[in-house]
Structure formats: structure tokens, C-alpha cells
Amino acid sequence: MDISNIRAQFPILTKKIYGHDLVYFDNAATTQKPQQVIDELVKYYTEENSNIHRGVHFLSQYATEKYEKCRTKVASFINAPQPETVIFTRGTTESINLVAESFGQAFINEGDEVLISALEHHSNIVPWQMICERKHAVLKVIPIDKNGDINIEMLPELITSKTKIVAIAHVSNALGTVCPVKEIIKLAHEKNVPVLVDGAQAISHIKVDVTDLDCDFYCFSGHKMYAPMGIGVLYGKKSWLDAMPPYQGGGEMIQHVTFEKTTYNVLPFKFEAGTPNVGDAMGLFKAMEFMESVGYEDIAAHESRLLDYCAERFNDLGYVSIIGTSAHKAGAISFLLKGIHPYDTGILLDKFSVAVRTGHHCAEPVMQFYGIPGTVRASFAIYNTLEEIDYMIASLQKVYSMLSI
Ligand code: PLP
């Protein structure tokens, strides 16, 4: 794989910050965008912009066709059985809120239980807390061990006759742990409990096959997989989506409206009220093409080399503790410099033009588990290099010598 050719497709990577070449290790927050995604947005707004679905004119029909082609491409990208099981949303957060609200409205009642894990991003905690509070249901949590792995042995006892849904991250954004979602789905299905997978951190690193996983819902954000911000996906099994009430009311999601009664549209439109994000869907199409041009096997091999190399270099330094030491990790490595607040490390790394994230990473319960205020997180994408890791390590040595006096 020719990394320099891949890097050349990302114009922002040539940027200098404070006079240094940008080293962008904040990919778990959002990835950079390749030129073909940027060009597609310009093309859409220059030549193709129109509102979709109801227009009889050329541009509207053209944009509708491209938008629906993107849905079909997402379906094949994640191996969903039908395009109508792919709902476009603003991102993972909206996808999870949609399920929590709509599934919760129909199927969660007083005394029922929702099961999540201790690894979750706030986006896969708070929507469930909100519906549990409203329905007087109980939120239960699968604990993690000190490596940051989910305690899967506890699952058979945690899934009870009252459990209505399990909602679990495919990859932890705070620690990089890859969760055994297939095993979890199998165990939950043995008790007839559906599973939602938060794939926000998986989709750019791991080939996702929703049919093979047999998950009931899968959520992800375009902007974490080289696509624009503001477009995301909810995949759901047709039987569930058909049985769930609409999430939002408005245009497109209706079949007929009278003041007495409204009937709802078929899938996927039932869950897509209002004007959709057509331009960014086109960008998502190009991002999927970009990922296919590299291939998941090469992506995974390259990124795991980066992770292993980074962990080795951290261990050599002697004053870095890695937070989250699961044997199965993807994309991200969280760490602390001995005796130094993560915020100070992040601020100084920035002065060397190394972009990392510091803090609780919207996963406060993970930080509470380790008894720390936060971590520094370096997260990798396909365009990152071993040389960039060397540069971060050299910068960290300077940061440590400045702050450890
Ligand atoms: N879930 C996980 C695991 C995440 O890492 C994130 C974002 O970092 C989200 C959900 C929320 O994604 P978004 O802000 O794109 O909706």
C-alpha cells in the first residue's frame, strides 16, 4: 500500500501549524476528508442542488436518484439485506436517539431493563437513560475489567426476562477496545433480546457486515469515515423498523395527512422527516468509494501496525502509562505521562503541531472506573505513518522534560 499516494488525496495534510507539518492524531473525533469527497460537495452545490423525492423537474429527479443510489451503496457497504433498512440520520447520536425514542416508546415499559456496557460513549448512555426515566425502566451496565474489556461472562446473568434491548459499542472511543459484539448478539438472541451496535468507532477500521453480525440495529457517522459531517446511518432489521413508530413528524414521513388522522410512509421514509442532507450523502458515497479503493484488509493491517508501534514506543519511554490494554484494539491508544495532567500534555503537543484529544472523551464512566480525570488519546487513520508516531514520541520527550521538573 502506497501511503504517500493516500496522503496526497487529503489536502489538509499538507498544512503547517505553528510552522510544523500537521500530525493529525484526532481521527476518532473526526477523520480528514479526501479531495474526491470535497470535490463532490462542490459539484453537488454547483451543478446538482435540488430538493428531492417530490420534484418533477430534471434536477430534483437527478438528485433523488443519486441520493437513493447512496442508500443502495451503504446497504452493500455494510451488507444490509435491503436498501430500505438503511435510514439516513445526522450521525450516530441521532441514530441511537431514534432507536431509544421509537423502540422505547413501543417496547419499553415500567420495570423493564435496558442493558449497556461500562465502555459506552455518552451518546449510547444518555438516550437510554432518558427513555428509562420516562418509562420507569432500569438501566443496567455490563462491567469492564482493568484491561478495558467487557466482562462478557456476566452477560447470561445480566440479561433477564425483563431486558428489552442491549446497546453496545463495537469499538470503544476512549480506550480502543474492540468488543466481541458477535458473541454478545448471539447470547442476547438466545434470550430473544435485540441488540443495537454503536459502530461510530468501528466503521473506519473494521469491515462491518450487519447480516453476518445479525445485529438488530447498527449506527455510524459519516464524518468518522472520511465523509462530511452531518450525515450518518441507522441500519435496522426490517421487522423492527416496521414495528416501530415514527421518530419525528413532518414532510416525507407521511402517506396521507388530514386533521383527523395521519398515515405514515413506508421504510425508509417513515424515519426521514423533513428535507434530508442530500449533499453530504453524495460525499458519503465518495468516502465509501475511497475506502473501497484502499480496502478494509489493508486499512486494518496498516492501522494495527501503527497501534502496535505506538504502544512499543510508549513502553520504551518508561514514563507513559497506557490506559486500556485489551488484546483487541482498533484505532485509538489512550495514555498518560507520569504525574502530568492530560490537558497539559495535549496543549504542549499542539505547539509541536501534534493534534490529539484530551479529557474524558465523552465517556466519563470509563474515566471514573480508572479513577483518572481523563487521558490523552492518539487515534489513527489510514493516512497516518510510523514517522508521525516517531515525531509525536520526540515531542512527548520534550513535553515530559519540560513538565516533570
Ligand atoms: N459513539 C461513539 C463510540 C463515539 O466515539 C461517538 C463520537 O465520538 C459517538 C457515538 C457520537 O458520534 P456523533 O457525534 O458523530 O454522533
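Contact here means heavy atoms within 4.5 Å. This is a predicted model, where local features need pLDDT of at least 70 and side-chain atom pairs count only at pLDDT 80 or more, while totals for chains, interfaces and linings use all residues. Residues are numbered from 1 along each chain as its sequence is written, and side-chain values use heavy atoms, leaving out hydrogens and water.

View 1. Ile116 counts as buried because its relative accessibility is 2%; buried means under 20% relative accessible area, exposed over 50%, and partly exposed in between, with a 1.4 Å probe and protein chains only. Leaving aside residues up to four places away in sequence, Ile116 touches Asn124, Ile125, Trp128, Leu139, Lys140, Val141, Ile142 and Ala167. Look for Ile184 as well: 68 residues from Ile116 in sequence, and 11 Å away in space, C-alpha to C-alpha.

**View 2. Two domains, one chain.** Domain 1 takes in 3-34 + 295-403, and domain 2 covers 38-292; these bounds come from an automatic or database domain assignment. Their centres, taken over C-alpha atoms, sit 28 Å apart. Where they meet, 42 residues of domain 1 are in contact with 37 residues of domain 2.

**View 3. The largest cavity, with a volume of about 40 Å³.** A cavity is a set of points on a 1 Å grid over the protein atoms alone where a 1.4 Å probe fits but cannot get out, and lining residues have an atom within 4 Å of a point. Grid points are joined across faces, edges and corners, and the volume is the space filled by probe spheres set on the points. The structure holds one cavity of 30 Å³ or more. Both domain 1 and domain 2 give residues to the lining of the largest cavity, so it lies between them. Among the lining residues are Asn27, Thr31, Gln201, His205, Lys224 and Phe380.

**View 4. Asn384, in the loop between strand 17 (375-379) and helix 14 (386-403).** Asn384 counts as buried because its relative accessibility is 0%. The side chain of Asn384 reaches the backbone oxygen of Tyr24 at 3.1 Å. A polar atom of that side chain also lies 2.8 Å from the backbone nitrogen of Ala381. Not counting residues up to four places away in sequence, Asn384 touches several others, including Ile3, Arg7, Phe25, Asn27 and His302.

How values were computed:
1 Å grid on protein atoms, 1.4 Å probe; cavity = no way out; pocket = protein on both sides within 12 Å on 5 of 7 lines; lining within 4 Å. Helix = DSSP H or I, 4+ residues; strand = E, 2+ residues; numbered from the N terminus. Polar contact = N/O pair within 3.5 Å; in protein donor to acceptor, adjacent residues only side chain to side chain.
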